[in-house]
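Hi everyone, thanks for coming.

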Amino acid sequence: MAKARDEILEWARQGRIPPEHVRKALEVAGALPNESQWRNFFDKVLLSFGAVLLGAGVIFFFAYNWQDLGRFAKFALVQAPILAGLIVIWKAGVDSAVGKAALLAVTLLVGALLALVGQTYQTGADTFELFAVWALAILPWTLVARFPALWLIWLALLNVAISLYYTTMGRMWGFLFRPEALLWALFGFNTLALVVWESLAALGVKWLRERWSVRVLAVASGGLATTLAMYGIIDSPHDLAWEVGGWVAWMIAAFLVYRYLVTDLFVLAGGLLSLILVVVTAILKEVRFESAPAFLFIGLIVIGISAAGGWWLKQVAAEEETV
């Protein structure tokens, strides 16, 4: 459907289809979703949002009424929806849309239950331990659910746990837990997750082939690589910072993978944005902007890279359409 839609829109852009006939051409080619497909799409989206809001609503309700609720009421308020959610998953099946929505809600409520246990019994655990245990607790059904959104939540929990761990330990061992160490840790973790995800998808795990979830990981990994490079350019005392070297390695690897192995224009466009940010950061460090020509210079640099990148992406898209 996407390929037919792109071809028709390209014909329209070339003037081969009059503007008033574009919609009719899309309908004839079956490039527009029908009423049933739209209803099914909105059903799934609203169901997922409803499940997440239900879990968040329970959490905010007992947080707001914390002083007015007894210990048993608090536990019942969290455990009862978890039990109800598990029953729904059992009845509907973990592969159904209803089962997956219930799984999202139960995942949120498990975190609320762990936080409630910590607050009620004053376990003395650090905050990063809460998120680490939360990730560990939902790991069994994350493994069996085959649900990309749940895996992304699991990875997000570990990202938060790593960040809080470095923040907590940094207060005691500051010289060992400098800001770039946290960025390196998160960059390594998310890049490893991206490599494993892409590798398993390439090996034939179908449910991991949804590109939106891979792109979320690519944005996390690429964003951290870019942040590291900008940090290295601004703060590093060395001429060639390790952070810039890591970013260059990431850019080369991403280009080779997403241009020649798994062509993905979204990731390639993200790489161009990263290039613009790093180049502008390097210029800002070296050049004093005391006059209008200096600002014009950096504006022309951004426009030049953007225009060249846009032209290149268009060529890549055209090559993909002819394959």
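What follows is a short walk through ring contacts in this model. Please keep in mind that the model is predicted.

How many aromatic pairs does a search of the whole structure find? The search gives 11. One of them is W38 with F42, and this pair is stacked, at 5.7 Å centre to centre with 20 degrees between the planes. Stacked here is a matter of the angle: planes under 30 degrees apart qualify.

Where do these two sit? Both belong to helix 3, which covers residues 35-64, and because they are four residues apart, about one helical turn separates them. As for accessibility, W38 is partly exposed, with a relative accessible area of 42%, and F42 is also partly exposed, at 42%.

Now for another geometry. The ring centres of Y165 and Y166 are 5.8 Å apart, and their planes stand at 80 degrees, so this pair counts as edge-to-face. Y165 is partly exposed, at 32% relative accessibility.

Back to the tryptophan for a moment: ring pairs join W38, F41 and F42 into a cluster.

Helix 3 also contains F60. Is F60 buried or exposed? Its relative accessibility is 61%, so F60 counts as exposed. If you want a sense of distance, F60 and D95 are 35 residues apart along the chain, and their C-alpha atoms are separated by 29 Å.

Last one, for those of you who like charges and rings: R259 lies over the face of Y260, at 5.3 Å from the ring centre.

How values were computed: Residues numbered from 1 in each chain as written. Predicted model: local features only at pLDDT ≥ 70, side-chain atom pairs only at ≥ 80, totals over all residues. Heavy atoms only, no water. Phe/Tyr/Trp six-rings, centres within 6.5 Å; stacked < 30°, edge-to-face > 60°. Helix = DSSP H or I, 4+ residues; strand = E, 2+ residues; numbered from the N terminus. Buried < 20%, exposed > 50% of the residue type's maximum accessible area, 1.4 Å probe, protein only. Lys NZ or Arg CZ within 6 Å of the ring centre and 35° of its normal.
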